[in-house]
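User: I have a chain to look at and would like to learn how to read its features. Can we go through it step by step?

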Amino acid sequence: MLGIVAAVLFFFAFLINAADISTNDAFSSTNVMLLGLTALALHVAGIGSGWTRRR
């Protein structure tokens, strides 16, 4: 699930950068890309990958 979130955030960062949209400092393409990298790192670490039973 977090992998999909990361892909969407990367797409938004690409659109902001490619269209040269001027946004405020909190919603810049670099900050959105860093949020995507955080979600991707959590996904690779196994957090948010789904429910599993522990025995």
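**Reading the chain**

Analyst: Start with S28, which is partly exposed because its relative accessible area is 22%. Buried means under 20% relative accessible area, exposed means over 50%, and partly exposed lies in between (1.4 Å probe, protein chains only). This is a predicted model: local features need pLDDT of at least 70, side-chain atom pairs count only at pLDDT 80 or more, and totals for chains, interfaces and linings use all residues. Residues are numbered from 1 along each chain as its sequence is written, and side-chain values use heavy atoms, leaving out hydrogens and water.

User: Where is S28 found?

Analyst: S28 sits in the loop between α1 and α2 (29-45).

User: How many helices and strands does the chain have?

Analyst: Helices (H or I, at least four residues) and strands (E, at least two) are DSSP runs, numbered from the N terminus. Here there are two helices and zero strands.

User: Is A6 buried or exposed?

Analyst: A6 is buried, because its relative accessible area is 1%. The residue lies in helix α1.

User: Which residues does A6 touch, leaving out those up to four places away in sequence?

Analyst: Contact means heavy atoms within 4.5 Å. On that basis A6 touches G36, A39 and L40. A C-alpha distance is another way to look: A6 and M33 are 27 residues apart along the chain, and their C-alpha atoms are separated by 8.5 Å.

User: How do I read a pair of aromatic rings?

Analyst: Use the distance of the centres and the angle of the planes. Rings of Phe, Tyr and Trp (its six-membered ring) pair if their centres lie within 6.5 Å; planes under 30 degrees apart count as stacked, over 60 as edge-to-face and the rest as tilted. The count here is one aromatic pair. F11 and F12 have ring centres 6.4 Å apart and planes at 45°, so the pair is tilted. F11 is partly exposed at 47% relative accessibility, and F12 is partly exposed at 41%.

User: What about F14: buried or exposed?

Analyst: F14 counts as exposed, because its relative accessibility is 53%. F14 belongs to helix α1 (residues 2-18).

User: And the chain as a whole?

Analyst: Of its 55 residues, 13% count as buried. Accessible areas come from the Shrake-Rupley method with a 1.4 Å probe; for residues, only the protein chains shown count as cover. The chain exposes about 4,600 Å², with 65% supplied by carbon and sulfur atoms.
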